[in-house]
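Please have the sequence and the model at hand while reading.

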Amino acid sequence: FLMRGQDRQEETVERLEPLGAGSGAADIEYEQFMKAKEVQRAMFQAENKTIVHQCADTDIIEAAEGSVACIDGNQAAAHVAYAFSDCAFIYPITPSSPMGEMVDEWAAQGLINCYGQKLSVTEMQSEAGAAGALHGALKAGAFSTTFTASQGLLLMIPNMYKIAGELLPCV
């Protein structure tokens, strides 16, 4: 770091070599990484497995041969919910925020789901409001979704009892 009144030091080979930089170590490490990646791809192709990759611009997972993606449960749930829902009622609050934010972003980008339509996403003012709107949409016959976790689930209990008692299909 810099102290007050001190000038920034120039980066020179002599200064970087003791740190392991400038010696080509990073290049060698990158080459080893790429070789390991190619071996992994060859193994997957030999086993005839379908591998997915993650698009950098939209976070949409598309099937493609020869690539691998590592995603968390929030992203997996968001993909499935977006694909099989007509509408979503969200109240982004940690730890379920990423799911609501992802489906909201995808809808804003105009992503089409498996029904050939863009998901209708409505941000509510509370977890209870999201549950109430979900109940109303299910009652009207729409495939609907919402995301919650922890204490948010407790706030949804009154509507969850109604949804279950009316035998409405909801996950």
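## Phe84 and the surface patch

In this predicted model, Phe84 sits in the loop that runs between helix α3 (73-83) and strand β3 (87-90). Together with Val80, Tyr115 and Phe143, Phe84 forms a nonpolar patch on the surface, and the accessible area of these residues together is about 420 Å².

## Ala76 in helix α3

Helix α3 also holds Ala76, which counts as partly exposed because its relative accessibility is 32%, a value that falls between the limits of 20% for buried and 50% for exposed. Although Ala76 and Met99 are separated by 23 residues in sequence, their C-alpha atoms lie 8.8 Å apart in space.

## The largest pocket

The largest pocket has a volume of about 290 Å³, and its lining is made up of 14 residues, with Ser85, Ser144, Thr145, Cys170 and Val171 nearest the centre. At least two lining residues come from each of α3 and β5 (144-146). Sorted by class, the lining of the largest pocket comprises 10 nonpolar and 4 polar residues, with no charged ones.

## The second largest pocket

The lining of the second largest pocket has 11 nonpolar and 2 polar residues, and charged residues are absent from it.

Terms used. Residues are numbered from 1 along each chain as its sequence is written. This is a predicted model: local features need pLDDT of at least 70, side-chain atom pairs count only at pLDDT 80 or more; totals for chains, interfaces and linings use all residues. Side-chain values use heavy atoms; hydrogens and water are left out. Patches are made of residues with over 30% relative accessible area and no salt bridge: like charges are joined within 9 Å, nonpolar side chains (Val, Leu, Ile, Met, Phe, Trp, Tyr) within 5 Å. Accessible areas come from the Shrake-Rupley method with a 1.4 Å probe; for residues, only the protein chains shown count as cover. A salt bridge is a side-chain nitrogen of Lys or Arg within 4 Å of a carboxyl oxygen of Asp or Glu. Helices (H or I, at least four residues) and strands (E, at least two) are DSSP runs, numbered from the N terminus. Buried means under 20% relative accessible area, exposed over 50%, partly exposed in between (1.4 Å probe, protein chains only). On a 1 Å grid over the protein atoms alone, a cavity is a set of points where a 1.4 Å probe fits but cannot get out, and a pocket is an open set with protein on both sides within 12 Å along at least five of seven lines; lining residues have an atom within 4 Å of a point. Grid points are joined across faces, edges and corners, and a volume is the space filled by probe spheres set on the points. Ala, Val, Leu, Ile, Met, Phe, Trp, Tyr, Cys and Pro count as nonpolar, Asp, Glu, Lys and Arg as charged, and the others, Gly among them, as polar.
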